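Keep the model open as you read.

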Amino acid sequence: MFDSIYSSTVNASQFFIMAAAALVTGFLYSWIMSFRIPSKRRFFIVVAIVPFVVASVITFVSGNIGAGVAIGGAFSLIRFRSAQGSADEIAAILIAMGAGIAFGMGYVGYGVVIMLCMGVIFVVLSFLPIFEHKALAQDRLLRITIPESLEYSDTFDEIFKHYLKSWENAGVKTTGMGSMFRLSYKIRMKDATEEKVFIDELRTKNGNLEIAILPYADQPSNL
């Protein structure tokens, strides 16, 4: 069961056995992951077929270094056409690719075990109350859009002192073709029920431009 089904040359029956195992296991794995990852239907369809795609590539370029390098270069272009995914989505793709390599080398049993076991482990770990930092749930990302004419270094300090336990400058960037600035702060409210009042006071300082308060943990590292 755990020996490679491939001989020195891959014949049609061996390839179709691998393809069936990769596709069936891929759809089972995608179904398991759908219980944990709140993503779109298209994402799960892609995850389901990734093992077969990777396995096919490994099968056909096995032993051919030139073809392997060419395929690797072609796959790298996909990165520039892909939207940034969440950590869960990236993990799901990596697991599917890892199992696809096993399928592509003919180790069908290992591919099935890797994909299904890792899918179940991933889902189970995500529901266990471990690795949680409850304090991080209180952190928010505050984004304030201001006109370029406004001096922002200490404009909001008085409001921050009144409503926030802590705040930290998380970056400044231009927006609106350079006519405005967007300030980002990592903040922690003293009282979450005062969020609307807090925003209303900020609006009096920034000329009623856009203000957003978002979960800090869900934001990309570049904010």
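## A helix and its neighbour

Helix α4 passes helix α5 in a right-handed crossing (right-handed if the near helix is turned clockwise from the far one by less than a right angle, left-handed if anticlockwise). This is a predicted model, where local features need pLDDT of at least 70 and side-chain atom pairs count only at pLDDT 80 or more, while totals for chains, interfaces and linings use all residues. Residues are numbered from 1 along each chain as its sequence is written, and side-chain values use heavy atoms, leaving out hydrogens and water.

Two packed helices are described by the angle between their axes and the distance between the axes. Here is that description, with the axes being lines fitted to C-alpha atoms over the stretch in contact and angles running from 0 to 180 degrees between N-to-C directions:

| Item | Value |
|---|---|
| Axes of α4 and α5, distance | within 7 Å |
| Axes of α4 and α5, crossing angle | roughly 165 degrees |

That makes α4 roughly antiparallel to α5 (angles over 145 degrees). The contact (heavy atoms within 4.5 Å) includes I95 and F103 of α4 and M115 and F122 of α5. Its residues divide into 13 nonpolar, one polar and one charged; Ala, Val, Leu, Ile, Met, Phe, Trp, Tyr, Cys and Pro count as nonpolar, Asp, Glu, Lys and Arg as charged, and the others, Gly among them, as polar.

Where does T155 lie? T155 is in the loop between β1 (139-147) and α6 (157-163). At 19% relative accessibility, T155 counts as buried (under 20% relative accessible area, with a 1.4 Å probe and protein chains only).

Key: Helices (H or I, at least four residues) and strands (E, at least two) are DSSP runs, numbered from the N terminus. Angles under 35 degrees count as roughly parallel, over 145 as roughly antiparallel, 65 to 115 as roughly perpendicular and the rest as oblique. Buried means under 20% relative accessible area, exposed over 50%, partly exposed in between (1.4 Å probe, protein chains only).
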